[in-house]
Amino acid sequence: MTLSISSAFDGGNIRVVSIDGARIDLEIVKDKNSDFYQWFSFRLTGGEGQKLELRILNCAGSAYPHGWENYRACMSLDREEWERVDTSYEGGVLTISVTPPSDSVWFAYFAPYTMERHHELIAAFASYPGIAYRSLGQTLDGQELDYLELGGGPLQVWLYARQHPGETMAEWWMEGAIERLLDESDPVIRRLREAATFHIVPNMNPDGSRRGHLRTNAAGVNLNREWHAPTPEKSPEVFLVRAEMDKTGVDFAMDIHGDEAIAANFLAGFEGIPSHRAEQQAVFDAFSKALVRVTPDFQTAKGYEVPPPGKANLSMSTAQLAERFAAVSMTLEMPFKDNEDLPDPLHGWSPERCRLLARACLDALHAVLPDLRAYRGK
């Protein structure tokens, strides 16, 4: 077979520059109307048994070039199990060195979570007993913005993911969270559903997800810089979700993301908001400590720099919700690489570990329910 590269599928992204023998030169395509790029997902055919070099040439100009250091690409034969393969980065070029075991293999920046899988998730859970489904509206590309609600307690808990579509680990996390929240035999879940109503948006950016974007929607807009003033014309996804939040209120919120450079799981909070409250911060801190206790896949030593008082970016959802609703809000970041404190040489950070971390986050939320109730008076 002749070597061939394709990406004309759900979430695909790559451009072929040249194929010269066993060397294939590629480039990542920018998000539409944007300079952001880093996500790649493509299929290689005709390479079984050949020692190949796949070179992505334009990595130096990507959104987060430091993310390529010590990074290993993901490969799959069946699009279900993804393994890490030999990858190096030098001079702005990412080189994937591989001998494909099949004439049909897939490569990606992280295990993809396609819109097709998203539809399967919604189809499986939308009619599940005890869960309510609604579309909050449509995106610029005409896709539905899917929303799930379950539980019935007075605390209003919002879980939303994939504002940045290339951060596919966020929806793997969401899959794990929903699966556990529907297990009514789980005593932790029974208590959580008595205490709280869960509002869930598994994918905030379906257009960017299908288009193979890293960070933006169909208009080239970074949704996590729109929360101060979203518009139906540029950021309908945020406009619709924030409007629903205004109806329900928000007591606790998790915005699920992935980080290209930091090889760890960590939280980013709301310390710099103008109305920052000590008791609000205390619940955040208690949640973080509880999460450290329940899983070795979470830590607090690595993370983002904390903004000084009054300097939070209110265009980002975590800060906006903390200021707008006095919510205990947070951004959970997961690695594209691995948890370097507990590495997995074969899979790196993986979909399964995303799902397990989601379960641990629900344990941590259960642990801080008394603190959250006391803070919110519910």
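1. A cavity, as the word is used here, is a set of grid points where a 1.4 Å probe fits but cannot get out. By this rule the predicted model has one cavity of 30 Å³ or more. The largest cavity holds about 70 Å³ of space. Its lining consists of 15 residues, and those closest to its centre are Gly11, Trp39, Arg162, Thr168 and Ser209. By class, the lining of the largest cavity has four nonpolar, nine polar and two charged residues.

2. About 780 Å³ of space lies in the largest pocket. Its lining is made up of 41 residues, with Phe266, Ala268, Gly269, Tyr304 and Glu305 nearest the centre. Two or more residues of this lining come from each of β15 (252–259), β16 (266–268), α6 (278–294), α7 (317–325) and β17 (328–335). The lining of the largest pocket divides into 14 nonpolar, 14 polar and 13 charged residues.

3. For the second largest pocket the volume is about 320 Å³. It is lined by 15 residues, and Arg79, Glu80, Pro112, Thr114 and Arg117 are the closest to its centre. Helix α1 (residues 115–125) gives the most to this lining, with three residues. The lining of the second largest pocket has six nonpolar, two polar and seven charged residues.

4. The remaining points concern helix packing. Two packed helices are described by the angle between their axes and the distance between the axes. Helix α2 (residues 169–181) and helix α8 (residues 351–367) have axes that come within 7 Å and cross at roughly 50°. Angles from 65 to 115 degrees count as roughly perpendicular and those under 35 as roughly parallel, and α2 and α8 are therefore oblique to each other. Their crossing is right-handed.

5. Which residues of α2 meet α8? On the α2 side they are Met169, Trp172, Trp173, Glu175, Gly176, Ala177, Glu179, Arg180 and Leu181. On the α8 side the partners are Pro351, Cys354, Arg355, Leu357, Ala358, Arg359, Cys361, Leu362 and Asp363. The residues of the contact of α2 with α8 fall into eleven nonpolar, one polar and six charged.

6. Helix α8 also packs against helix α3 (residues 187–195), at an angle of about 55° and with the axes 10 Å apart. That angle makes α3 oblique to α8. The crossing of α3 and α8 is left-handed, whereas that of α2 and α8 is right-handed.

7. In the contact of α3 with α8, Val188, Ile189, Arg191 and Leu192 of α3 meet Leu362, Asp363, Leu365 and His366 of α8. This contact has five nonpolar, one polar and two charged residues. Leu362 and Asp363 of α8 are named in the contact with α3 and also in the contact with α2.

8. The axes of helix α5 (residues 236–248) and α7 come within 12 Å and cross at roughly 25°. Because the angle is under 35 degrees, α5 is roughly parallel to α7. The crossing of α5 and α7 is right-handed. On the α5 side the contact is made by Arg242, Met245 and Asp246, and on the α7 side by Gln320, Leu321, Arg324 and Phe325. By class, the residues of this contact are three nonpolar, one polar and three charged. Helix α7 is also among the elements that give two or more residues to the lining of the largest pocket.

Key
Residues numbered from 1 in each chain as written. Predicted model: local features only at pLDDT ≥ 70, side-chain atom pairs only at ≥ 80, totals over all residues. Heavy atoms only, no water. Axes fitted to C-alpha atoms, helices over the stretch in contact; angles between N-to-C directions. Helix = DSSP H or I, 4+ residues; strand = E, 2+ residues; numbered from the N terminus. Parallel < 35°, antiparallel > 145°, perpendicular 65-115°, else oblique. Left-handed = near helix turned anticlockwise from the far one by under 90°. Contact = heavy atoms within 4.5 Å. Nonpolar A, V, L, I, M, F, W, Y, C, P; charged D, E, K, R; others polar. 1 Å grid on protein atoms, 1.4 Å probe; cavity = no way out; pocket = protein on both sides within 12 Å on 5 of 7 lines; lining within 4 Å. Points joined across faces, edges and corners; volume = space filled by probe spheres on them.
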